[in-house]
Amino acid sequence: FKVNRVESSPIEGQKPGTSGLRKKVKVFTQPHYLHNFVQSTFNALSAEKVKGSTLVVSGDGRYYSKDAIQIIIKMAAANGVRRVWVGQNGLLSTPAVSAVVRERVGADGSKANGAFILTASHNPGGPNEDFGIKYNMENGGPAPEGITDKIFENTKIIKEYFIAEDLPDVDISAIGISNFSGPDGQFDVDVFDSASDYVKLMKSIFDFQSIQKLIASPQFSFCYDALHGVAGAYAKRIFVEELGAKESSLLNCVPKEDFGGGHPDPNLTYAKELVSRMGLGKNPDSNPPEFGAAADGDADRNMILGKRFFVTPSDSVAIIAANAVQAIPYFSSGLKGVARSMPTSAALDVVATSLNLKFFEVPTGWKFFGNLMDAGLCSVCGEESFGTGSDHIREKDGIWAVLAWLSILAHKNKDNLNGGNLVTVEDIVKQHWATFGRHYYTRYDYENVDAGAAKEVMAHLVKLQSSVTINTTIKGIRSDVADVASADEFEYKDPVDGSISKNQGIRYLFEDGSRLVFRLSGTGSEGATIRLYIEQYEKDSSKTGRDSQEALAPLVDVALKLSKMEEHTGRSAPTVIT
Ligand code: VG1
Ligand code: CO
């Protein structure tokens with residue numbers, strides 16, 4: 001093939017957000033749009049690093065992925081990349097990409113140097129919906145801010161990109177290696193099975209036999225909803241073929257370009273079918289299974305449900321941390337430490353204190369956990385946004401979280417699978433609250449708000465923080481909440497590389513441990529999304545069984561009035577409550 005140099009010019013708005021660049025498909029298909037971003041990434045990595053390298057390119061299979069993969073292959077060839085690895089049909093979940101970068105060895109002994117992941121995660125897909133791209137580094141984790149800032153700077157000055165226009169399209173539906181030769185020598189495209197590296201890794205972490213026994217037990221029942229995301233490509237292999245679950249326990253496990261028209265976000269609002277099946281929501285089934293879980297489009301998120309019972313993600317990571325050493329072979333020699341994102345509830349903090357573990361609080365987004373893991377400081381981490389994971393890879397991992405819960409259930413039930421009473425998901429959570437106290441928690445999302453109005457809300461809240469009369473204002477709204485002890489804008493200094501991330505959300509910390517956090521989303525593709533996180537700690541075990549929206553009502557009231565949410569945004573209610 002030949003290398004074509006194509007003249008280009010900067011296109012506005014290519015700043016990567018919390019997890020890559022996410023825009024409407026119509027934006028991505030503009031001339032030069034994807035090309036500019038890909039070339040800017042190669043330029044940020046520097047030519048020496050790109051030349052001769054091995055690059056993974058795949059994603060959640062959403063609309064436009066197949067075209068994007070062919071474009072990136074041609075640009076990789078033109079920029080001197082030695083080989084591109086593609087999951088069959090362009091499918092690799094985000095955690096599987098991370099696993100492939102870290103673990104896979106090519107037929108010629110090669111290892112990957114980085115990856116383009118094509119996904120907009122939990123955002124809908126299709127010609128009128130979202131596409132996304134993000135770059136992951138050699139450790140299998142998202143590029144740090146130093147790199148994403150450089151990529152953005154490059155997009156603002158780009159003049160040209162390189163592409164091998166005459167390279168034929170590669171058939172990504174067939175496993176095998178295609179060889180080409182160009183001006184720099186040989187170039188290969190290696191299409192491989194999307195699941196096998198990931199399945200192998202999971203089998204090295206968990207005790208599959210003990211999970212098999214749980215699943216085979218007549219007292220237990222299981223169901224998994226991939227919401228037509230890429231998790232479907234792994235669910236059948238792992239839950240059915242390896243662990244013996246029935247095929248009928250899989251819902252929506254065929255990956256689709258538009259996620260079947262749904263919103264592939266595993267929460268109580270969007271995972272409606274699973275929610276009903278588990279005996280919750282508006283149309284509850286009468287005979288729900290004991291355990292249910294769902295994933296998002298790229299399979300890095302998870303929702304865990306018991307029979308008629310929802311596990312908040314903040315509790316989930318705390319419960320996994322509290323039980324990991326006993327229940328999961330990978331952790332049997334102990335946890336190196338634990339970490340959560342700032343808005344995630346302090347349930348994990350209580351476990352860390354009680355087990356005497358190193359503990360870290362990082363800004364929102366998985367990229368901040370990677371440095372801690374690379375430095376051997378953190379084993380288990382999580383976010384309130386249905387993200388849970390560990391140092392087995394450098395992304396959050398939806399199926400890993402399900403296997404972690406199945407392992408805990410298998411461990412707690414190891415002596416009563418032959419007729420004893422099953423310890424249920426609900427029992428495990430309630431037992432955890434009795435031991436550690438409960439963090440009542442909810443998140444309100446105001447999606448697609450006018451960007452100016454969102455800025456106003458945040459500016460108003462920053463101003464209020466420094467007000468000496470803040471407690472008088474709050475008491476004027478409700479007298480039954482505690483005093484604010486401090487308020488700030490969260491700033492993080494990475495303990496490993498010393499880098500500083502500012503303006504990571506506005507916090508109001510109350511004297512009784514309650515918190516209100518406000519921040520703007522960095523993953524939307526249009527307008528702005530305001531997230532409001534509300535949390536209250538209850539140590540008294542006689543009071544941990546309340547309905548969470550009811551327990552949090554006073555704080556919600558304060559948050560909405562303090563922020564003047566309706567006045568600024570015109571919204572009387574959030575779009576999503578989780
Ligand atoms: C959201 C979540 C955040 C998560 C991010 C990526 O970000 O709040 O916790 O890490 O999505 O998740 P934001 O900036 O919109 O609040 V996903 O599954 O992209 O991969
Ligand atoms: Co995701």
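Guide: Let's start with helix H7, residues 196-205, whose buried residues are Asp197, Tyr198, Val199, Leu201 and Met202. Buried here means that 20 or more other C-beta atoms lie within 10 Å of the residue's own; 12 or fewer makes a residue exposed, anything in between partly exposed, and the C-beta atoms are placed from the backbone. Helices (H or I, at least four residues) and strands (E, at least two) are DSSP runs, numbered from the N terminus. An α-helix has 3.6 residues a turn, so residues three or four places apart point the same way. The cover over the buried residues of H7 includes helix H5 (94-103), helix H9 (232-242) and helix H14 (398-412), where a contact means C-beta atoms, placed from the backbone, within 7 Å.

A word on the ground rules: this is a predicted model, where local features need pLDDT of at least 70 and side-chain atom pairs count only at pLDDT 80 or more, while totals for chains, interfaces and linings use all residues. Residues are numbered from 1 along each chain as its sequence is written, and chains are lettered from A and ligands numbered from 1 in the order in which they are written.

Now compare helix H13, residues 367-374, which is mostly covered, with seven of its eight residues buried. Those are Lys367, Phe368, Phe369, Gly370, Asn371, Leu372 and Met373. Against them pack strands E15 (338-341), E16 (359-362), E17 (380-383) and E21 (492-493). Just after H13, Gly376 takes a positive phi of about 70 degrees.

Zooming out, the protein chain has 19 helices and 26 strands, and buried residues make up 54% of its 578 residues. Among contacts with a separation of 6 or more, 74% join residues 24 or more positions apart.

As for domains, the assignment gives domain 1 (4-194), domain 2 (198-334 + 398-433) and domain 3 (438-577), with bounds that come from an automatic or database assignment. The C-alpha centres of domain 2 and domain 3 lie 30 Å apart, and their contact takes four residues from domain 2 and six residues from domain 3.

Notes: Two residues are in contact if their C-beta atoms, placed from the backbone, lie within 7 Å.
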